[in-house]
Amino acid sequence: MKRTITIAGLGLIGASIARALQPIDANHIIGYDINKDTLRYAKEHRIIQEAITDYTTAAQRADYLIIAAPISESIRLLAMLDEIPLTKKLIVSDVSSVKQSIMVAANQLKNNQVAFIGGHPMAGSHKKGIEAAKGHLFENAIYVLTPTESSSSSDVEALKSLLLPTKSKFVVLEAEEHDEMTGVISHFPHLIASSLVHQAKHWQQTHAYLPNLAAGGFRDITRIASSNPTLWQDIFYHNRKKMVQLLGEWISEMETLKTLVEKNRKKEMINYLEEAKAYRDGLGTSDKGVIPSYYDLSVDIRDQTGALAHVTQLLAQHEVSINNIQILEIREGIMGALRLSFASEKLQKTSELVLKQAGYETMIEN
């Protein structure tokens, strides 16, 4: 039996969901977007089967509606459902990274045909727009669902079933706990990354050569500052209470750290750094959470043509699957360093042996 899914908003996230769902024979994907060029691109590249420029029609045709717009626009589109006559049940979700604002809007809906389930696929890209969309974008990513009173447990299971082709890992959270956690580990770090970039820009007035040294660790920890500014302003606005709280805590933490440096409190500083290292090294290593454990291996490679391909081909010949590859910009211009992540300790150790036998310097990361 065919099911019709309308994706309202065909940016990076919406188009990536469409790409993941489109190959399923039971799915008929309708794309809605205010940008006609985006709709044309989606049709030409077979991201959707049908393009509709009228939101009312797109919603009425759907069995599932996924609103994939910026938060403020998503709230507006959600509210419009009260003005749209629906002749059948419509399961509605969104992709917003702040959930409380969306949930308030959803709980105000009076259209009893709407079953709303908040959603947040926790994956993205430094690129934006439909051209950057990938069907595998959410593979192994956490996909948070936040049900409302208008949605039943069977509605939640139906939405999970629909989204199975994304290969995400679903977790159900309350809106407030979601916003607190994403605020701490996603939204707030973006603010800090942007502030570090501003600090570097300020010091460039004194040291013109500074950008030439701003590689390695600096580029790594500030990479998220390259994300879409308009989108992030909207996120900060809707999670502003938590941002203000976290900024206050951060300022207090920096005052403490400033004292440790200023007064040369060696023992306290070592303890501070050791505690941070221990917590950071332990992230993602537990088998108890919804995020799978990964086993990392660092590999030194020369900065030359085909170096990365040679490493991956060696492991492929031994039927080793790599979960993730990260290029570490620590010793830029001298050696390149890779961090390879594997699903098991066995694969990690097999890879270490294979690469060492091929003459590579490696180090297992605990």
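## The chain as a whole

The structure is a predicted model. The protein chain has 366 residues, of which buried residues make up 40%. Its secondary structure comes to 14 helices and 12 strands. Along the principal axes, the C-alpha atoms fill a box of roughly 65 × 55 × 45 Å. Among the contacts in the chain with a separation of 6 or more, 71% are accounted for by residues 24 or more positions apart.

## Buried residues in strands and in a helix

Several individual residues illustrate how parts of the chain meet. Gly 31 has its place in strand S2, which covers residues 27-32. Its relative accessible area is 0%, and a residue under 20% counts as buried, so Gly 31 is buried. Leaving out residues up to four places away in sequence, Gly 31 touches Ile 7, Leu 10, Leu 39, Ile 48, Glu 50, Ala 51 and Ile 52. One of these residues, Glu 50, is 19 residues from Gly 31 along the chain, and the C-alpha atoms of the two are separated by 6.2 Å.

Val 92 belongs to strand S5, residues 90-94. With a relative accessibility of 0%, Val 92 is also a buried residue. When neighbours within four places in sequence are left aside, Val 92 is in contact with Leu 65, Ile 67, Leu 78, Leu 81, Val 114, Ala 115, Phe 116 and Ile 117. Val 92 and Leu 159 are 67 residues apart in sequence, while their C-alpha atoms are 8.9 Å apart in space.

Thr 146 is found in strand S7, which runs over residues 142-147. At 1% relative accessibility, Thr 146 counts as buried. The residues that Thr 146 touches, not counting those up to four places away in sequence, are Lys 99, Met 103, Ile 117, Gly 118, Gly 119, Leu 173, Glu 174 and Ala 175.

Glu 352 lies in helix H14, residues 345-357. Is Glu 352 buried or exposed? The relative accessible area of Glu 352 is 18%; because the limit for a buried residue is under 20%, Glu 352 is buried. Beyond its neighbours within four places in sequence, Glu 352 is in contact with Leu 297, Thr 362 and Ile 364.

Arg 46 and Asn 264 may be described together. Phi of Arg 46 is near 55°, a positive value in a residue other than glycine. Arg 46 is found in the loop between helix H2 (36-44) and strand S3 (50-52). Asn 264 is likewise not a glycine, yet it has a positive phi of about 50°. The loop that holds Asn 264 lies between helix H11 and helix H12 (266-282). Residues over 50% relative accessible area count as exposed, and therefore Arg 46, at 65%, is exposed. Asn 264 is exposed as well, with a relative accessible area of 62%.

The table brings together the relative accessible areas of the residues discussed above.

| Residue | Relative accessible area | Class |
|---|---|---|
| Gly 31 | 0% | buried |
| Arg 46 | 65% | exposed |
| Val 92 | 0% | buried |
| Thr 146 | 1% | buried |
| Asn 264 | 62% | exposed |
| Glu 352 | 18% | buried |

## A pair of crossing helices

Helix H7 (residues 175-204) and helix H11 (residues 240-262) have axes that come within 10 Å and cross at roughly 65°. The crossing of H7 and H11 is right-handed. On the H7 side, the residues that meet H11 are Asp 179, Glu 180, Gly 183, Val 184, His 187, Phe 188, Leu 191 and Ile 192. Their partners in H11 are Lys 242, Met 243, Leu 246, Leu 247 and Trp 250. By class, this contact has 8 nonpolar, 2 polar and 3 charged residues.

## The cavity

Rolling a probe the size of a water molecule over the atoms shows where empty space is left. In this model the count comes to 1 cavity of 30 Å³ or more. The volume of the largest cavity is about 30 Å³. Which residues line the largest cavity? The lining consists of Ala 59, Gln 60, Ala 62, Leu 86, Thr 87, Lys 88, Lys 89 and Leu 90. By class, this lining has 4 nonpolar, 2 polar and 2 charged residues.

Note on methods
Residues are numbered from 1 along each chain as its sequence is written. This is a predicted model: local features need pLDDT of at least 70, side-chain atom pairs count only at pLDDT 80 or more; totals for chains, interfaces and linings use all residues. Side-chain values use heavy atoms; hydrogens and water are left out. On a 1 Å grid over the protein atoms alone, a cavity is a set of points where a 1.4 Å probe fits but cannot get out, and a pocket is an open set with protein on both sides within 12 Å along at least five of seven lines; lining residues have an atom within 4 Å of a point. Grid points are joined across faces, edges and corners, and a volume is the space filled by probe spheres set on the points. Ala, Val, Leu, Ile, Met, Phe, Trp, Tyr, Cys and Pro count as nonpolar, Asp, Glu, Lys and Arg as charged, and the others, Gly among them, as polar. Axes are lines fitted to C-alpha atoms, for helices over the stretch in contact, and angles run from 0 to 180 degrees between N-to-C directions. Helices (H or I, at least four residues) and strands (E, at least two) are DSSP runs, numbered from the N terminus. A crossing is left-handed if the near helix is turned anticlockwise from the far one by less than a right angle, and right-handed if clockwise. Contact means heavy atoms within 4.5 Å. Buried means under 20% relative accessible area, exposed over 50%, partly exposed in between (1.4 Å probe, protein chains only).
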